[in-house]
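Q: Hi! Could you walk me through this one before I set anything up?
A: Happy to, here it is.
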Amino acid sequence: MNIIFDNLDLWGLALWNTLVLFIGGAVIAVFLGTVLGVMRVSSVPAARAIGTAYVNLVRNTPLTLVFFIFVFGYPSLGLPRLDYTALAITAIGLYAATYVTEVLRSGFNTIPVGQAEAARALGMTFGQVMGHVVLPQAFRSVVPPLISALIAILKMTTIAAGFSVLELGAVRANLSERGENALGVLLWVALVFVLLVAIMSLAQRSLEKKWKIIR
Amino acid sequence: MSNVFSDLPGPKAVARNRFLAIVAVVVVLGVLGFIAYRLAVTGQFSEQKWRVFSYPQVWEQIGAATLRTLSAFGLGAVFSLGIGFGLALGRMSDNPWISRCFAFITEVLRAIPVLVLMMIMYYGLPVVGQTWVTPFTAVVTAVSVYSGAVLAEVFRTGVDAVPRGQSEAAYAIGFRKTAVMRLVLLPQAIRAMLPVIVAQMVVVLKDTALGFVITYQELLYLGKLVGSSASYSSPIIPAALVVGSIYICLCLLLAGVAKYLEVRLKSNPKSKDVKPSADLASGLPALAIK
């Protein structure tokens with residue numbers, strides 16, 4: 001316990017930065033992921049091709065490499081300076097967007113075509129088909145896997161430790177300088193992640209149960 | 001393409017789609033062009049930035065680093081399959097306590113970020129006197145423990161997806177539990193899950209890159225080393241391009257195998273009984289906790 005209470009300042013800062021990376025990354029990921037997801041199911045072949053190419057390229061790249069390019073490569077491009085946290089958020093956001101895209105795409109695909117066809121046959125307009133039939137169901141089947149993607153984003157934030165951002169993954173290096181036991185620190189870090197992930201997956205499970213659609 | 005969102009486009013929609021296609025292509029080309037322009041302006045394509053890659057010794061080092069990445073991947077892949085299998089068997093035990101215990105272990109291992117596992121191995125264990133840990137062992141252990149936990153869930157889902165009637169029939173003709181598992185359930189489950197398992201191998205390969213952070217001398221580490229050598233005017237972007245393309249090619253190769261297996265599986269009549277749930281087929285558990 002002393003490892004925590006003697007160094008409350010560092011832990012607070014680290015937890016705060018982890019949350020900043022998580023929320024920043026998640027916002028970019030959800031926004032870009034939605035754009036790409038819509039592109040992947042759109043009826044414009046060029047847009048579909050771009051979406052597919054992006055997802056295939058990024059998903060076959062290690063996140064560490066994306067960090068590497070942003071943190072070491074970006075500054076030598078002579079563009080406006082960004083601090084490490086901003087670069088890390090961009091890297092996480094661009095990378096995690098592919099997760100969101102895939103979640104959305106498989107969510108859209110769970111709705112049987114027959115339902116939309118039936119709605120059309122009843123004379124509903126495109127807006128009504130979307131608003132009354134497709135989106136309510138798509139939303140329900142998308143949110144639980146979306147939480148999985150968020151959990152993945154939370155775990156991604158640790159990689160920023162290797163790229164000069166003080167977050168939970170990096171407290172070990174800082175506390176070692178203060179002479180703390182590295183194993184103890186790391187076990188606490190692991191515990192924090194287990195707790196955060198447990199909270200998120202509990203939320204996920206209850207939503208899943210509540211919104212399950214029996215087909 | 002027929003989905004919920006669109007039916008066959010009429011003349012107006014065709015014109016609109018064409019316009020949207022042009023906009024999308026222009027935007028993408030604009031972004032790529034801007035990046036290429038900035039790279040060119042800051043002299044990233046200049047001869048002295050690339051000179052370091054004209055030495056055979058550098059390529060020998062790149063080859064050696066690729067081998068180190070691949071050896072961590074190879075061992076990680078084998079161990080993660082073994083660990084995943086063990087955890088899945090424990091999880092499917094008939095004894096509720098053993099089953100719950102293994103479920104708990106699996107969940108906890110999946111919740112800890114791989115990098116934190118690596119750090120526990122590399123920085124944590126020496127504190128309690130285990131000084132034998134090298135970056136290599138740390139990378140392999142962390143990667144295989146994490147992916148093992150993910151694969152355990154994949155195996156279990158695969159076994160669950162085999163229709164109940166099959167195991168009931170096997171019990172009815174007098175098979176024991178081991179035989180039911182070994183002869184009836186597992187062959188079908190593994191066949192059905194093979195694409196997902198190979199997709200998880202891509203994750204193993206990608207996760208070995210985390211070794212960079214704990215000074216395992218894999219490809220990225222070498223990229224940083226070469227990229228920051230001041231005598232060659234710090235070619236960090238050329239190094240990132242070279243090292244990055246090797247990583248991406250390796251991953252694409254593996255992902256191609258997964259895709260090939262998936263296509264072959266779909267056309268195989270033997271696999272028709274076992275239908276994993278939709279999100280498993282899309283590879284979601286391979287990338288996140290479910």
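A: One term before we start: two residues are in contact if their C-beta atoms, placed from the backbone, lie within 7 Å. Also keep in mind that this is a predicted model.
Q: Good to know. In H4 of chain B, which residues are buried?
A: Phe102(B), Thr106(B), Arg110(B) and Ala111(B) are buried in H4(B). They cover an arc of only 165° around the axis, which puts them on the same side of H4(B).
Q: Why would residues a few places apart point the same way?
A: An α-helix has 3.6 residues a turn, so residues three or four places apart point the same way.
Q: What covers the buried residues of H4(B)?
A: The cover includes H9 of chain A, along with two helices of chain B, H3 (56-91) and H6 (135-161).
Q: And which exposed residues sit on the face turned away from the buried side of H4(B)?
A: That face carries Trp97(B), Arg100(B) and Phe104(B), which are exposed.
Q: Switching to the interface, how many residues of chain A and chain B are in contact?
A: On chain A there are 50 residues in contact with 53 residues of chain B. Helices H3 (45-59), H4 (63-73), H5 (84-109), H6 (113-121), H7 (126-156) and H9 (182-211) of chain A each give two or more residues to that side.
Q: Which one gives the largest share?
A: H9(A), with 10 residues.
Q: How do the residues on that side of chain A divide into nonpolar, polar and charged?
A: On the side of chain A that touches chain B, 32 are nonpolar, 15 are polar and three are charged.
Q: Now chain B overall. How many helices and strands?
A: Chain B has 12 helices and zero strands. Its radius of gyration is 24 Å, well over the 19 Å that the globule rule gives for 290 residues, so chain B is more spread out than a compact globule. The C-alpha trace of chain B spans about 75 × 75 × 30 Å along its principal axes.
Q: How much of chain B counts as buried?
A: That would be 39% of its 290 residues.
Q: Last one: what does the domain assignment of chain B give?
A: Domain 1 (1-41) and domain 2 (53-287). The centres of these domains of chain B, taken over C-alpha atoms, are separated by 36 Å.

Key. Residues numbered from 1 in each chain as written. Chains lettered and ligands numbered in written order. Predicted model: local features only at pLDDT ≥ 70, side-chain atom pairs only at ≥ 80, totals over all residues. Helix = DSSP H or I, 4+ residues; strand = E, 2+ residues; numbered from the N terminus. Nonpolar A, V, L, I, M, F, W, Y, C, P; charged D, E, K, R; others polar. Domains from an automatic or database assignment. Rg over C-alpha atoms; globule rule 2.2 N^0.38 Å. Buried ≥ 20, exposed ≤ 12 C-beta atoms within 10 Å, placed from the backbone. Arc of directions from axis to C-beta.
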